[in-house]
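Biologist: Can you walk me through this one? Start with the words I will need.

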There are 2 protein chains.
Amino acid sequence: MVTNNNETMQQNIFYTFSKTIEFFSISPAEAQLFAMLYLKEYPMTLDEMGQALGKSKTAIGTSIRTLSELNLVRRVWKKGIRKDLYETHHDLYSKFMKTYINNWISHTNNQKALLSDVYEQMNRTNLSEEETQLLNKLTSIIEFHQSIIDTFTTIDPKKN
Amino acid sequence: MVTNNNETMQQNIFYTFSKTIEFFSISPAEAQLFAMLYLKEYPMTLDEMGQALGKSKTAIGTSIRTLSELNLVRRVWKKGIRKDLYETHHDLYSKFMKTYINNWISHTNNQKALLSDVYEQMNRTNLSEEETQLLNKLTSIIEFHQSIIDTFTTIDPKKN
DNA sequence: TTATACGTACAGTTTAAACTGTACGTACTT
DNA sequence: AAGTACGTACAGTTTAAACTGTACGTATAA
């Protein structure tokens, strides 16, 4: 980090921040869009975002739709502007971590339910050795799922 | 879930389990390899794994190398067998969650350090309004990183 | 009413990851 | 020593995700 130039520092912040966002299972394009939008002080149009990132309006449309569905950005109305405007939510931790943990918990609960269904079907008397072993494996896998759920349930994403 | 057939149930367990493994930022191919290997009761060769998953030995070689680097599987020696044999580690929660959380913490620490470097370079007197705003944004982003680290540090992955 | 702006659907293209098949070097067996 | 087995390097192929450019329907402005 040898440069003092504002533009380069902003680029470094943007890039570093976007890499962290990627860790929340967000695609590089979406992460960069969010990071760039967060660093701007004003809501942007699809054209502006496309120009800032060097991408087509279609690609921006797709990415902003995903970010919007993830509740990370919101539409903004501004008088006299007919283009769609978007800005980011500002409570980073709450937005990212809450969604991320909820995804983990709901997915893992779904998987655990499926596995428990299989367990109920298999769990009877007169099992072969092979079936008993499979049932034991299944028990371990279900416990694994429960441990994941327990872990993420203990995190308090309301903290910010 | 309407079928009682053993093979189908094993397939359901395999598939459901592999989908959960993918959530740990492990690729579908690697997740499926791990899930299949975990459900087997014996160490397997590259050929056997390739045949079981319907993939080439090269693809298996690549995937097993990654799983090995992640410390999720280990090489096994068996007298009289010259082929490489691999089996999974059995402590699922510890292996997956520990690695996963360590990745989060180390990555986020690295990013935070980079951002703090930028902060030290920017933090001086006589800042323009633009620079002040960028510095404020940077402060929020650094706090975001710290919150992530705090969150994952509180998780105890030794539980199983 | 006509022309223009806008976002998005759509078809096609590009890119990167994942894959296959071949060939090679090394180890093992005969 | 020669032949075979084995894992992996390598080049090429396939696949799915991400992208572009065009066209369309709707809304807005003139």
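Modeller: Helices (H or I, at least four residues) and strands (E, at least two) are DSSP runs, numbered from the N terminus. This is a predicted model, where local features need pLDDT of at least 70, side-chain atom pairs count only at pLDDT 80 or more, and totals for chains, interfaces and linings use all residues. Residues are numbered from 1 along each chain as its sequence is written, chains are lettered from A and ligands numbered from 1 in the order in which they are written, and side-chain values use heavy atoms, with hydrogens and water left out.

Biologist: Okay. Where is Thr88(A)?

Modeller: Thr88(A) sits in strand S3 (residues 85-88) of chain A.

Biologist: Is Thr88(A) buried or exposed?

Modeller: Buried, because its relative accessible area is 1%. Buried means under 20% relative accessible area, exposed over 50%, and partly exposed in between (1.4 Å probe, protein chains only).

Biologist: What does Thr88(A) touch?

Modeller: Leaving out residues up to four places away in sequence, Thr88(A) touches Phe34(A), Leu37(A), Tyr38(A), Leu72(A), Val73(A) and Arg74(A). Contact means heavy atoms within 4.5 Å.

Biologist: New topic. How many residues of chain A are in contact with chain B?

Modeller: 51 residues of chain A, against 50 residues of chain B. The buried area is about 5,000 Å², and carbon and sulfur atoms give 71% of that. Buried area is the accessible area (1.4 Å probe) that two parts lose on being put together, summed over both. Phe23(A), Lys137(A) and Phe144(A) supply 14% of what chain A buries against chain B, more than any other three residues.

Biologist: How many salt bridges between chain A and chain B?

Modeller: Two. A salt bridge is a side-chain nitrogen of Lys or Arg within 4 Å of a carboxyl oxygen of Asp or Glu. Lys137(A) pairs with Glu41(B) in a salt bridge, at 3.8 Å from N to O.

Biologist: Which elements of chain A give two or more residues to that side?

Modeller: Helix H1 (6-22), helix H2 (28-39), helix H5 (92-122) and helix H6 (129-153) of chain A.

Biologist: Now the DNA. How many residues surround DNA strand C?

Modeller: 15 residues, and the closest are Lys83(A), Asp84(A), Lys55(B), Ser56(B) and Thr58(B). A residue is near a strand if one of its heavy atoms lies within 4 Å of it.
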